[in-house]
Every structure is written in C-alpha cells, then in structure tokens.
Amino acid sequence: MISITRGILSRIAFAHTSSNASFIRALQTTYVLNCENTEGIRTDENSTASDAQRKELTEAELKLKNKDRTQVIPVETSIRYLKSSAYQQTYGNTLIWELYRRNHKGAIPPRKTRKTCVRKGVISTGNPCPICRDEYLVLDYRNLDLLRQFISPQTGEVLSYTKTGLCQKKHLQLLVAVEKAWDYGLLTYDVPFREFDYSEYYGKNCLVNILFNMQEDYDDVTFLIVGGGIAGVSCAETLAICCPEESILLLTESHIIKTIANLEPVARYLHKFEVHQRSLSTTDGNGGSRYLSAVIGTLIDKLQYVNGNERFIITRRDRKIRYRYLCLCTGGQPRLISENNSFVLGIRDTDSVLKFQNSLKTATSIVLVGNGGIASELAHELKGVNVHWVIKDNHIASTFVDPGAAYFFQQTLEKGQHQNEVKPESVVKRLRYDELKVKDDLSPNNSAGAALGPDWHQHFCLQGSLKELENYTKPIMHYNCQVSSMVPCEDNGTRYMLVTLSTGQQIKCDFLVSATGVNPRLDFVSEPALDIKNDDGGIKVDEMMQTSIPFIYAAGDVCAASWPSTDHWFQMRLWTQARQMGSMAGRSMAAAFNSEKIYQDFCFELFGHVTQLFGYPLVLLGRYNGQDLGANYELLLRTTPGREYIKFVLQNGRLRGAILIGNTELAETCENLILNGIDLTPFGDDILNPDIDIEDYFD
C-alpha cells in the first residue's frame, strides 16, 4: 500500500441547517486530520501518532500551523483530495466558493478583492479567499475538477472574482491555469466569432452610395438625439438597450461620430476609456452603421429650430421631424480669444486638429494660450517648434492640480523625460490649508475645456519644422500674464503675427493656439425658450437631465447641472461626465416613455476623472482641490520625484478628495473611503506610508 507522503490535512468542519431545500454552511478551520491513502485505508498506528501529535500542539501553535503556506502541495495530491471523503465532508455538493462571503468595512464593498491573502508565507487575513483558506486546493492546468468550478456552464468564460471572491493573485493564477488547459486541449471552449470589415473591399463610390442610402425618411420618431458626440452616442446606445423596439434617430452634422472603446474600470464607479472617431460610412453587411446598434438610425443634418409645444424640429435642409422625446447633445464650441482671425486656431474636434497639424508643418514658433487639459497636453507633446506658453496663473495645469502637483509636472517638462535612473525617496507630509495658500488670490475655475477625448494627441503627428527640436521641445513659460494685442505682420512675403503680453513682452509667432475652454453651443432657435444658466451659458437640467420644456432633455457640454449637488460631486465639462450624462438622459427618456420611476445614477455621488497629463496617469476624486471646503481642511501628501504625487484632502478626519499622479492603484480605496466616510484619524500619516499597503486596513 502506498501512502501519501504529506499526511497532514486541514479539515474544515461545518454545521448546516436545512429550510425550503436550502442550507447554510459555516466554514471554520478546526483541527488537523490525517490524510487518507490512495486506497482509502488508514492504519491505526498512524492515527494514534497523529492524535498524540494533535494533543501536544497548543492552541496558538495550531492556529499558526493552519495559517502556514510555505509548504508546496503537489498537484497530484490536490487531484486526489478533490475525490476524497474529506473533501466531500467539507464541501458536499456545493462549489468551493458558493458559500464564501467577503468581509469589508463600510456599506459599499470594494470593486476588487484583496491583492493576496498570503504574505511572507502566512495567511495575513481572518477571512482568506476560497482557494487560500484550503491549502490542498492547488490551481493547475491538470486539476480539471477544480478549474471547472470557476467556469460558467452557460458561457464557458471564467467567472469574475466579484462572484467567486478569489483574491487578485489567485484569480490571476486561475486565468493562467485555464488558458493553459485550453491550449493543451484538456478543457473545451467555443472559438470566438470574428467580424471582418468588408468595407475595405468597397470602392469610394460604393461607400458614398451606402452613406446616402442610410439617410432614411424620418418624419416621426419616438426618440430624437441631436449630436454625434460622446454624450449623444451614449444616450442613443442606452435607449437602444432600454427600448429596442422603438424608433431612435441620431441627428449629427458630420459623418464622423465619437464612440467609446476599451472601457476599463479603475474603481467601482470610475472608468477610463478611449474615444474613437468613427465614420458612418463604415457599415456592416446590412447597410447599417458598424459602430452603432442596429436599431439606431442616423441622419446627417444640422438642427436649426425646435418647437417644444408641438414637438417637432426643423433642420438646415428644411426637414421636419416629429418626436416624442428629444435630447440636445450639441456640445460646446471653443472660447477663442479673437474671433475671425486666421492666425488664431482653436482645438475642438478632428477638423480643427487637422488644420492645426497642417499649420504646424511649416511653423517655427507658436504661442499657446490656456492652462487646461488640452493646453497641457500640447505643451508636452509638441516637438520641432518653439512653444511660448502663456499662463494667466502662477502654475501650470491649474484647472486640475495644485501648485505642488504643478511643480511635480514641471520637473518632467524641464528634463523632457521621467526620472527613472535612480529611485528617489518618498516623502510624506501633512499640511494645513493655510500652509498651501499662494500669494495671488486665485478664484477656482471648475470648468475645463476638454473637448477632445483622452489621449487624442496619440493619433496625430504634432511635429514642427525645426529639425534641431524634433526629439523634444521645452516650452517657454510666461506666468501671470495674458495676451494684450495681436498684430498681423508681413516681412519679405512671410506672414507672421506679433503678440504683445500684459507684461509688455512681444513674441513673434506663426500662429496662436487658443485653448481657453469651451462655451455651450446653442446655435439654434427654441420655442418656448430654454432656461439658460446665467453664469454658465448652459441649458439648465434637473437630476433626470430634463430641461424646462417637457419632453426635452439635454446632456454633455451644452447643459448645466441645476440640481442640488452632493458633498463629493460638481460639474466639469469633461468626457467622463459627458458619457455619464448621456447615459442618464437615455435612461430618463426610456423611463418616461415606459411610465417608470428611476433614480439618478450613483456616479453623480462622487466626482471622478481619469486622464493622462504630461505622460503620467492622473486620477481626480471628490473635492480634489478642496473645492467649496473653505479653509477647514488639511492635506496629506506623498511625493516621489519623477514617479508619483499623491494628495489626500481631509476634513474632520475624513477623506473628501484625492489626486493620484503616477500611482493610481489607490483609486478604489480612495473611492470607498470618500463614500463611506470612514474616520481616518486613528491611522495618522500611515495612510500614505509607502511601506504599508493601506488596502489591508479596509478589507
């Protein structure tokens, strides 16, 4: 008889009660059980020795022994364990994760499970995940009985850790084991269906004919959405899900629409994504748009007149379209410092970027005006041209960050690259609000002109004509000043513009880029008149995104939030909020059509934004700059030059906002701390101690 070399097995006792053919089993590690041999026979001699050993162990030693995970269990042992009576007695006919429940602080559970349950070879938590709590469950591509418990029988996909409760380390091992089992042919799976873009085989004339045929005769629709931006497309897609049998029309001025791609969660209610420019001429096999739902119709035209009483619109081509519900997503237009000036360019959409790109090819010197997202991206990405950056504030990127973070970014601009040669030392410091006050009395500006999508500059060549600066161009900063005058000039047939700043300095440039934000676009007539917010210029909407006119909604840059905001949310004209507002408007319109009552999405409880600034990932949460908190708050900072900048805004011991630059792994933890309002006073400065994983505090 061959006995198993490892004779010690953790037995998990259980107690259960049955009611209505269901039971609840509580799992608890209790005592050590000698493992059965391969033939199911255990000698009395081994049993007596094991009992004697068990009696000699103290309670503390037994507890430590049960948590020890330094010994490696062979996969063959794990395979036999899943077929043993000990496994059957422990788990019965249920899946090993079915009765597991996570423990977490606060009412809102973290989106992700903990990173790992085992640290330094010992279980470091009181509630380890279903795999870590039983050392004889080994994830391996040969352990098929274990892997099948984590594969959905309906879809054949691996179940999410949010359902199984596995820690991130074990879930990654599970994915690797399943993929390897698929490669070896031990597990079967469905081959994914592949879609082909057959438009590559069409001629240009054929594409034009397809686009023309898509312009169906829409005279009466249930839902009409005006605007092909991210808010309008999000609204239309939401309506297609909620009301797939109703007529939905997307009215857009261009055959280019903006769609979301690569949506990836950063926290529970915060996502990062890419915005892609898609052409309506790219069709599927049935003549519909390949990037929109099949139930969404499209019409290329411009809105000119809205009649809210009789519920119809008139377009520029004199088309009259009746609607039951209308959503205005016309977006915004660049706020130029000088209108009708050929030397002044505004960055807003693809057409404006292409015009800027063509002008840049022959340029040697330009003036960049603005301090928001687009201006910061241009200052970092422009090469081969002298850039004069005119900033009205005393630090860069003031729309998003404070002077401390601006200094962190400025080090990158000065060096032209990240400091990766030597690992700098992290510094943690706690500041009161008064310590961070600057000399100038700057009024907060919560409206940012981020008209283009995240990472838009990666799809364009922003290269000037100077060969000596083709690798990197360090911008020339002009702080605390504005443009006073612009005079077009000509010298030997060469046209240029002479820009005079408020400081008296004059700059000779080829053209000027105005990136000073956007204004809501209201270039249409409405009867009755829409209620407009005076200091904002946007259409007033309530929490359901409904305007002052019944059956008319608005979303995106064109609207102004007029409902009482929560403690952690405020409006900024960003792509993230355009997507959220568009989806909310779609849900509200569908609920009104179906006579249902809904509530505002939870994403409006907490402000969140994910972007890339000066080459670093950036996450903004809550009142990240102490907006509307007065002087009664303090800051906790952790900074590592060239690597990370983390700022917590604390008020009465509770987290109210956060800025994460470089290291964004704390995004979900910060989100939970803000929403749950956990008192952080007992933890002191250890919250940002780089040697401590603060996620262990709250999971």
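Q: Hi! Which residue is the bridge partner of Val 390 in strand 18?
A: Val 390 is partnered by His 478 there. One thing to keep in mind from the start: this is a predicted model.

Q: Got it. How many bridges join strand 16 to strand 18?
A: There are 3 bridges, and the two strands run parallel. Strand 16 covers residues 386-390.

Q: What sheet do they belong to, and in which order do its strands come?
A: They sit in an open sheet of 5 strands, ordered 14-22-15-16-18, with parallel pairing. The edges are strand 14 (344-346) and strand 18 (476-478), each of which pairs on one side only. On average, neighbouring strands of this sheet are turned by 25 degrees against each other, ignoring direction.

Q: And what holds paired strands together in general?
A: Strands of a sheet pair through backbone hydrogen bonds, in either a parallel or an antiparallel way.

Q: Okay, which strands pair in the antiparallel sense here?
A: Strand 7 and strand 8 (residues 271-279) do, over 8 bridges. They make a hairpin, with 5 residues between them. Within that pairing, Thr 259 stands opposite His 276 of strand 8.

Q: Let's switch to helices. What can you tell me about the length of helix 9?
A: Helix 9 spans residues 230-242, which is 13 residues. From its first C-alpha to its last it reaches 18 Å, close to the 18 Å expected at 1.5 Å a residue.

Q: Is helix 9 largely enclosed or largely open?
A: Helix 9 is largely enclosed by the rest of the structure, because 10 of its 13 residues are buried. Among them are Ile 230, Val 233, Cys 235 and Leu 239.

Q: What do those buried residues pack against?
A: Quite a list: strand 5 (220-226), strand 6 (248-252), strand 7 (256-265), strand 9 (296-300), strand 12 (320-328) and helix 13 (575-593).

Q: How do helix 9 and helix 13 cross?
A: Their axes come within 7 Å and cross at roughly 35 degrees. The crossing is right-handed. On the helix 9 side, the contact residues include Ala 231, Ser 234 and Thr 238, while helix 13 contributes residues including Trp 575, Gly 582 and Met 589.

Q: Which other helix is mostly covered?
A: Helix 11, residues 373-381, has 8 of its 9 residues buried. Glu 377 and His 380 are included in that buried set, along with residues such as Ile 374 and Leu 378.

Q: What about the nonpolar core, how many residues does the largest one have?
A: It has 103 residues, and those with the most contacts inside it are Leu 224, Leu 328 and Ile 661. Helix 13 gives the most to this core, with 8 residues. There is also a second, separate core of 31 residues, which includes Ile 73, Cys 132, Val 138 and Leu 144.

Q: What does Leu 328 touch?
A: Leaving out residues up to four places away in sequence, its contacts include Val 226, Phe 524, Ile 539 and Tyr 553.

Q: Last topic: is Asp 628 buried or exposed?
A: Asp 628 counts as exposed because its relative accessibility is 68%, and the cut-off for exposed is over 50%. This residue lies in the loop between strand 29 (616-622) and strand 30 (634-640).

Q: How far is Asp 628 from Phe 570?
A: They are 58 residues apart in sequence and 9.9 Å apart in space, C-alpha to C-alpha.

Technical notes: Residues numbered from 1 in each chain as written. Predicted model: local features only at pLDDT ≥ 70, side-chain atom pairs only at ≥ 80, totals over all residues. Heavy atoms only, no water. Pairing = 2+ DSSP bridges. Helix = DSSP H or I, 4+ residues; strand = E, 2+ residues; numbered from the N terminus. Axes fitted to C-alpha atoms, helices over the stretch in contact; angles between N-to-C directions. Expected span 1.5 Å × (residues − 1). Buried < 20%, exposed > 50% of the residue type's maximum accessible area, 1.4 Å probe, protein only. Contact = heavy atoms within 4.5 Å. Core = buried A, V, L, I, M, F, W, Y, C linked by side-chain atoms within 4.5 Å. Left-handed = near helix turned anticlockwise from the far one by under 90°.
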